[in-house]
Every structure is written in C-alpha cells, then in structure tokens.
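Subject: Structure handover

Hello,

Here is the structure I said I would pass on. My notes on it follow below.

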Amino acid sequence: MDWLIEIFTQQTFIQTILILSLICAVGLALGNIKIFGVSLGVTFVFFVGIIAGHFGICVNQDMLTLAQNFGLILFIYALGVQVGPGFFSSFKQGGVRLNLLALLLLVIGTVMALIVHWSMKMPLGEVMGLFSGAVTNTPMLGAAQQALLQINPENTDGANTMAMACAVGYPFGLIGMILCVMILRSTLGKSRKKIQDSSSDNTFVAEYLVSKPAIFGKSIMEIRKNADCQFVISRIWKDEKVIIPTSDTIIEENEHLLVISGKNDVERVKTLFGHKEDVDWNKKGIDWNAIDSQLVSRKILVTKPELNGVKLGSLKLRNSYGINITRVNRAGIDLLPSRSLCLQLGDKLTIVGESRAIENVSTILGNQAKELRNPNLFAIFTGIILGLILGSIPFAIPGMSMPVKLGIAGGPIIVGLLMGAFGPRLHISIYMSRSANLMLRQLGLTIYLAGLGLSAGNGFFDTVLSAEGLKWIVLSLVLAIIPVLLTALIASKIFKTGYEDNVGMLCGSMANPFALDYANPEGEGEDPAVAYATVYPASIFLRVISAQLIMLLLG
C-alpha cells in the first residue's frame with residue numbers, strides 16, 4: 001500500500017491532479033446540500049479546498065498555479081462568449097435604466113470599500129478580498145489577485161490573504177443579499193409595478209382590425225417605412241382566406257392582421273392599424289397549424305456555417321418561397337426578425353407557410369441539429385490566445401510609475417465579449433450549445449476554486465476565530481447590505497422601478513442567483529430573472545475591470 005500513499009504525498013503532477021480532483025468531487029457533492037433552502041453549488045469547492053489546505057495538504061506550487069490560472073482563463077473567456085450577444089443590446093432602450101442602477105450599486109459598494117481601507121488602515125488586498133466575497137464574485141477576486149501579483153510577483157502571501165478574506169466574506173455576502181431581498185419583498189412586493197422593457201426580445205402577438213384610413217391601399221413596405229416601431233405581420237385574413245403577406249401585400253379596410261411586435265409597442269401598433277381584438281394569441285397551447293389547413297408553422301434551425309453572420313434580408317426567403325418568419329429564437333430569447341438581423345449558428349426561426357415551401361427553406365438553412373453538437377474548439381483556443389495577448393499589453397497611464405495590464409482576467413473576458421457579440425458578423429463561428437458553454441465554464445471555475453481554496457487554507461480558521469476574523473465578518477455584512485438597500489431605495493423612489501425589476505437588477509449586479517429564489521416564491525407576476533439577465537453581463541465585466549484598476553492605481 002506504500003504506492004497508494006506515495007501518489008497522494010509525493011509532489012508530482014499526478015498528485016496535483018489527484019488532490020484537485022478530490023477537492024472538486026467532494027465540494028460538488030456537498031454543494032448539492034441545501035441549508036435553509038440555499039445550496040452553494042460549485043462554490044462549496046472553494047471551502048473544501050480551504051479545509052484541505054488547513055490540514056496541511058500540499059501540492060507542487062508551480063503546478064497549482066498553472067491549474068488555477070488556466071481554470072480562471074477558461075471560465076472567464078467562456079463567460080464572455082456567453083454574455084457577449086446580450087452585452088451591448090442590454091444598454092439599449094429599457095435596459096439602460098437597469099444597467100445604470102447596477103453601475104450605481106457598484107460605485108456605492110466600491111466607495112464604501114475604499115472608505116474602509118482608508119479609515120480603518122486595512123491593507124487594500126484584504127479589503128478587496130472582503131469586497132469580492134461580499135458581492136459573491138470570484139472572478140473579481142481573481143482579477144484583483146492578478147493585479148496584486150502584477151505589482152509584486154513575490155507577494156503570494158498577500159494574494160492568499162485576499163483569498164482568505166473572500167472566503168470569510170462569501171457566505172455572509174449570500175446571507176446579506178437574501179436578507180435584503182426579504183426586506184424588499186416586505187416593503188416593495190405589494191405594489192409589484194412592472195416597468196416594461198422595450199427590448200426586441202419581449203415579443204407580443206395580437207390581432208388587429210384595419211380601421212385607420214391612413215394605411216388603406218398601402219403596401220406593408222410603405223407602412224413599415226413610416227412606422228415608429230418594429231413589427232412583423234404573420235398572417236392576414238383577406239377575403240375570408242388566410243394568406244402569408246409579402247412586403248408588397250396591400251392592406252385594405254376591415255382586414256384582420258396577426259401582428260408580432262415588442263410588448264411595449266402594442267399601443268403604437270394599435271394606433272397604426274386600428275382596433276385590437278380581444279383574442280389572446282400569447283397563451284400557451286395554441287395550435288397555430290389549425291388557423292388554416294394549408295398553412296403550417298415550424299421551427300427551423302440555422303446550421304449551415306456559410307449563413308453565420310449573413311443578414312436575414314439578403315436571403316429573400318419571404319418573396320422567393322412565400323413564407324413568413326415570425327420569430328428568431330437565440331439562446332432562449334425571442335427576437336423580432338428584420339432585414340438587418342444577422343443570423344447566427346443555432347438560431348431557431350419560427351416560419352409560417354405552406355409545408356412544401358417550409359421544406360425548401362429548411363434545406364437552405366440547414367436544420368440539422370447534429371451539426372451543432374461539436375463546438376468550434378479552434379475559435380475557443382484562438383480567443384484565449386488573443387485574450388492573453390490583450391491582457392499582456394502594457395498601457396501607460398500618466399502619473400503611474402508602471403504600465404497597466406488587463407491581465408489573465410481582463411483580457412480574455414473582453415475578447416470573449418467581442419467574439420460573442422461580433423464574431424458571427426465577421427463570419428467567425430463561435431457557436432457552443434448552452435450545455436457545452438456551461439460545461440466549459442463550470443470546469444474552469446471548479447478547478448480555479450479548488451486551487452484558490454487550497455492556496456488560502458493554511459491558517460484560515462485561526463484567522464476566522466480571531467478578533468480580526470470577527471471584524472471581517474461584520475465588514476462583509478456591511479458591504480453586502482448597505483449598498484444594496486441604498487440602491488434599492490434610489491431605484492424605487494427616484495426611478496420608480498418596480499419590485500421585480502429592482503430585485504432582479506440587484507441580484508444580477510451582485511452576481512447572486514441564489515437570492516432570486518427568495519424574490520418571488522409564489523411565482524406571481526413577472527420574473528425578476530429578466531432584469532437579472534439584463535444587468536449581469538455588464539456587471540460581471542465592470543467588476544472584473546474595476547477590481548484590477550483599483551489594485552493597480554491604489555495598491
């Protein structure tokens with residue numbers, strides 16, 4: 001049995017992989033346990049690593065650093081690719097207000113952290129560690145650590161202390177956010193006034209009776225040019241028949257139109273066409289194929305690589321095949337189709353038309369799900385290379401003695417965002433299924449947290465059980481609760497933001513999905529997750545970058 005003891009004690013690459021894998025496996029198993037309805041999930045790996053480090057388990061430091069940093073790079077790049085498509089669109093129209101409020105929360109929390117640093121004479125590394133834990137944001141911790149080591153590569157003790165402070169602050173950040181949600185639910189939950197988001201993914205279907213003389217005898221193309229909103233006419237009841245309109249179809253008085261628009265544009269569409277019928281076309285279970293026996297509705301996947309980044313209008317599908325595209329579903333979000341919309345691999349188009357015409361369009365678009373099963377690994381590694389190169393570029397800032405670098409956290413997330421947002425437009429295939437992206441992110445994050453905990457474990461419990469540890473606990477609660485409640489008060493009183501938008505925005509900015517379970521336990525009203533998704537991309541990016549800048553400018 002000596003060989004078994006040796007592979008766990010001798011510092012080889014096998015021992016490093018074994019120890020990290022064991023920490024990951026135990027942490028993931030324990031992470032499924034719920035305490036008061038909350039489970040830590042993958043974050044429990046962090047605490048298992050701390051326990052292992054506390055009991056003196058050691059691995060080769062160079063191998064541990066490689067595994068930890070590569071895990072962080074994988075996670076941060078895959079995260080950027082995932083949120084990239086929605087990053088820039090989240091700033092449009094209704095999302096601007098929520099993103100500004102999320103930015104306000106970040107600013108208030110950062111100012112409070114700096115006040116703690118200056119007033120209590122605490123080392124900046126400790127404060128940033130506590131702040132990262134209080135906002136439950138481990139990528140922010142990774143960025144701050146990299147900036148600290150950029151300033152002084154020998155300061156591994158400072159990086160470990162930062163991780164230790166984050167480990168103390170993390171559970172109290174979770175508790176603090178849940179307490180905030182409970183307070184907001186008791187104070188704001190009764191009104192539940194939902195501010196409608198005007199983004200194009202919030203689609204709404206309605207039937208209209210044409211009664212506005214201004215559009216009588218005009219083509220759909222002419223009407224659309226003069227309209228102040230986007231819409232798609234799916235079907236027209238003309239002469240007691242249901243037809244699929246083209247851009248040249250003439251709209252006449254008393255015809256019935258089935259129109260898809262943004263939910264916030266319903267009143268504008270009503271003003272444009274006339275009377276809105278009371279039929280609910282948005283309820284679940286509607287048999288769209290039963291509206292007319294000759295017309296069918298099908299969902300078609302875009303799977304041909306040559307269509308990646310191609311504008312929908314350039315395919316001329318409507319006029320060539322007599323079909324109508326009513327929706328484009330991208331990563332679970334419904335978009336209104338338009339001529340300028342650039343297709344991406346994996347887009348799911350809802351098409352209405354005759355069965356044979358839809359089959360022809362299906363051939364053009366691909367509709368072969370098996371083609372999407374294999375992620376483009378070339379794009380993944382190319383993106384990581386570009387991200388590391390970008391992160392290594394020194395940027396000279398006047399007044400600073402040393403240049404600033406984005407590092408292994410900032411560089412890959414920026415390239416990931418750009419690849420996710422603009423890759424398809426440049427005909428770069430970055431498609432990954434949601435499960436593949438989640439797998440890549442979870443793998444990277446799990447390895448990173450295991451290494452992070454193992455590095456910070458030595459002396460952790462001695463610190464927590466000391467007077468210094470008690471101070472860290474109190475400060476973590478302060479940094480987690482006060483900025484959230486202040487931002488919530490400003491959002492509700494000044495910006496008149498409703499409960500769902502408010503609490504979803506706060507959870508997204510704090511990168512805390514656990515608290516969402518407490519936001520709407522009865523499942524009534526709108527889902528706060530919509531607001532969460534609106535602010536999360538920008539928030540995760542800004543927290544990573546701000547952590548680096550603070551350490552480089554003030555460290």
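At what angle do the axes of helix 8 and helix 15 cross? Before the answer, please note that this is a predicted model. Two packed helices are described by the angle between their axes and the distance between the axes. Here the axes of helix 8 (residues 156–188) and helix 15 (residues 434–456) cross at roughly 105° and come within 8 Å. Angles of 65 to 115 degrees count as roughly perpendicular, so helix 8 is roughly perpendicular to helix 15. On the helix 8 side, Asn160, Ala163 and Met164 make the contact, and on the helix 15 side Leu452, Ser455 and Ala456 do. Sorted by class, this contact of helix 8 with helix 15 has 4 nonpolar residues, 2 polar ones and no charged ones.

In soluble globular proteins, nonpolar side chains tend to be buried together. The largest nonpolar core in this model has 108 residues, and those touching the most other members are Ile23, Met128, Leu449, Met505, Leu506 and Met551. Helix 8 supplies the largest share of this core, with 15 residues. Leaving aside residues up to four places away in sequence, Met551 touches Leu124, Gly125, Met128, Ala144, Ala147, Leu148, Ile151 and Met162. Another core, of 19 residues, lies apart from the largest one; Ala206, Cys229, Ile251 and Leu257 are among its members.

The model has an open sheet of 5 strands in the order 4-3-6-1-7, with antiparallel pairing. Strand 4 and strand 7 (274–276) are the edge strands, as each pairs on one side only. From one strand to the next, the twist averages 30°. Strand 7 pairs with strand 1 (residues 203–210) in the antiparallel sense, over 3 bridges. Opposite Tyr208 stands Lys276 in strand 7.

One loop residue is also worth a look. Ser247 is in the loop between strand 4 (241–243) and strand 5 (250–251). Is Ser247 buried or exposed? Its relative accessibility is 12%, and buried means under 20%, so Ser247 counts as buried. With residues up to four places away in sequence not counted, Ser247 touches Ser219, Ile220, Met221, Arg318 and Asn319.

Regards

How values were computed:
Residues numbered from 1 in each chain as written. Predicted model: local features only at pLDDT ≥ 70, side-chain atom pairs only at ≥ 80, totals over all residues. Heavy atoms only, no water. Axes fitted to C-alpha atoms, helices over the stretch in contact; angles between N-to-C directions. Helix = DSSP H or I, 4+ residues; strand = E, 2+ residues; numbered from the N terminus. Parallel < 35°, antiparallel > 145°, perpendicular 65-115°, else oblique. Contact = heavy atoms within 4.5 Å. Nonpolar A, V, L, I, M, F, W, Y, C, P; charged D, E, K, R; others polar. Buried < 20%, exposed > 50% of the residue type's maximum accessible area, 1.4 Å probe, protein only. Pairing = 2+ DSSP bridges. Core = buried A, V, L, I, M, F, W, Y, C linked by side-chain atoms within 4.5 Å.
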